[in-house]
Amino acid sequence: SEADPLNGIIAKGEDKATSSVEVEVDADASGAATSSRSIGTFAMEGEKVTNAVLTIRKDAFLVFRALCKLSMKTSEDSASDQLAVRGKVLSLELIKVLLQKSSTVFQSHERFIEAVKQYLCLSLLKNCSSIISPTFQLSASIFQILTERFRSSLKSQFSVFFPMIFLKPLESPNFQSGKGLISSYDLYSQWVVLFRCLYAMCCDKQILSDIFVNYDCDLDESNMYERLVTGLVRVIQGGLPMDGSGFTSTMEFNLNFFALQCLVGIVKSLASDEASSDSPGSSQNDESVNDANDADGVNIDEEDVDGNQQMDELEQKKAYKVNYQKALTQFKKKPKKGIKLLQKLDMCGESAAEVAKFLMQTQGLDKNGIGEYLGEADQFNLDVMYSYVEMLDFTGMKFDEGLRHFLSGFRLPGEAQKIDRFMLKYAERYCLCNPKNAFANTDAAYVFAYSVIMLQTDAHNPQVKFKMTEEEFKKNNRGINDEKDLPEEFLTEIYQNVVNNEFKLKDDPTENM
């Protein structure tokens, strides 16, 4: 019954769908003769196959890439364009079938894995939050397949998509009803698909083990397994407010029941894992946890390691992470106590240089806390701040570029005395790294650095109604360069750079987890 409309869509949309695929494939085929990458790159290591087989693999690669690009064509603004929507849905359906039927070569070869990372993950990123119900449903199903078959190569990608597709809906304090952009039935259908995919993962003890080992026991990753269980419990206990969703009582009951099913699936997986571990020969039959992106990843079933010893190692890693996160929480509230707790737990060194290195390199530390700790007047804190600045290299940077680099790792405190100490040390370090500069001495650089901070605050603070002009900025800095003026063009460049480009903190990948 769907053959005619589908054929009609393809016939009418050759310029939007079919021709896009054909052009993509033809473009690659036409350049095959001159391409630096021959079909030989599709052979597995040590594998001997004919050119015909390699050509087929290359064609599969080109078609897969074209389908991924085609699935990204439609934007949300064109959701009413049924032709474009069907083209997107068709491409996602074909990708899903392709992944379901994929062979070992597709799941392990470098070229295909890179295509999944570069093209399919980008497609999922654009489609997993779509208000078009079939698009979201297919994206969730595709991610489930990736989790089942490709997770050993997609650790970092999994840490992005699993929270985005599954955890955030469970953790959201407010029920997302689409605000009129999506019907209650379509929204309910999305939740059903979400729980269906989630249930399949919850019933797979290997997936659960992989999630726990590679994320909950990794200092640099979010606690995925813990968040999953907590989110499901929250839904079961009525944590999703249904007011305004348009759901019937039956729909509400079903969602709670589906969440309970997922939680029961987790418990059954744990029970079966416990039972299998007690049975003879179980240590030889379990699969190992793959962690291709982490050299220190744990394999749950190494034949040469006793199972009990491995469990002890996992418990120690998890306990270490729990204590570490408690210390980071303490650091956010009271930085000094947080550092002392980290030192007590042997997670941070005792010397000023070691603490400075820890503050600079550790992800997840509160930026305000770092600024407060470095800005304290105690001698040890001053030594840490001096070591911190001395680890930075400002060679070849313009004055405002160096200041941006310096302030990207922490939030500058508001107290004038703390700012003064930061700017004094920055001026000394900048002049040391750049002997040939516009300043007569470090004192001039220090005064000008403080002036730049004042300009930054003035230009980008919404509470300041009357902004500092360029002439006022130049006037404020007259005679600071050993009773001489700084070059006019230098002041103009700094003013324009600061006003047009606000100082920002360095991105921390753990802040959004």
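The legends below describe close-up views of a predicted model. Local features need pLDDT of at least 70 and side-chain atom pairs count only at pLDDT 80 or more, while totals for chains, interfaces and linings use all residues. Residues are numbered from 1 along each chain as its sequence is written, and side-chain values use heavy atoms, with hydrogens and water left out.

**View A. Salt bridge between Asp218 and Lys155.** A salt bridge is a side-chain nitrogen of Lys or Arg within 4 Å of a carboxyl oxygen of Asp or Glu; the N to O distance here is 2.9 Å. Asp218 lies in the loop between helix H10 (205-216) and helix H11 (224-236) and Lys155 in helix H8, so the pair ties together parts that are 63 residues apart in sequence. Helices (H or I, at least four residues) are DSSP runs, numbered from the N terminus. Asp218 is buried at 13% relative accessible area, and Lys155 is buried at 6%. Buried means under 20% relative accessible area, exposed over 50%, and partly exposed in between (1.4 Å probe, protein chains only).

**View B. Salt bridge between Lys418 and Glu372.** The side chains meet at 2.7 Å, N to O. Because Lys418 is in helix H20 (residues 416-433) and Glu372 in helix H17 (residues 367-375), the pair ties together parts that are 46 residues apart in sequence. Lys418 counts as buried at 10% relative accessibility, whereas Glu372 is partly exposed at 29%.

**View C. Salt bridge between Glu470 and Lys474.** The N to O distance is 3.1 Å. The two residues are 4 apart in helix H22 (residues 470-476), which means a separation of about one helical turn. Lys474 is buried, with a relative accessible area of 10%.

**View D. Lining of the second largest cavity.** On a 1 Å grid over the protein atoms alone, a cavity is a set of points where a 1.4 Å probe fits but cannot get out; lining residues have an atom within 4 Å of a point. This cavity holds about 50 Å³ of space, a volume being the space filled by probe spheres set on the grid points, which are joined across faces, edges and corners. Its lining includes Cys121, Phe143, Arg151 and Phe161. Helix H7 (133-149) and helix H8 (155-171) are the elements that give two or more residues to the lining.

**View E. Leu270 in helix H12.** Leu270 is partly exposed, with a relative accessible area of 46%.

Note on methods. On a 1 Å grid over the protein atoms alone, a cavity is a set of points where a 1.4 Å probe fits but cannot get out, and a pocket is an open set with protein on both sides within 12 Å along at least five of seven lines; lining residues have an atom within 4 Å of a point.
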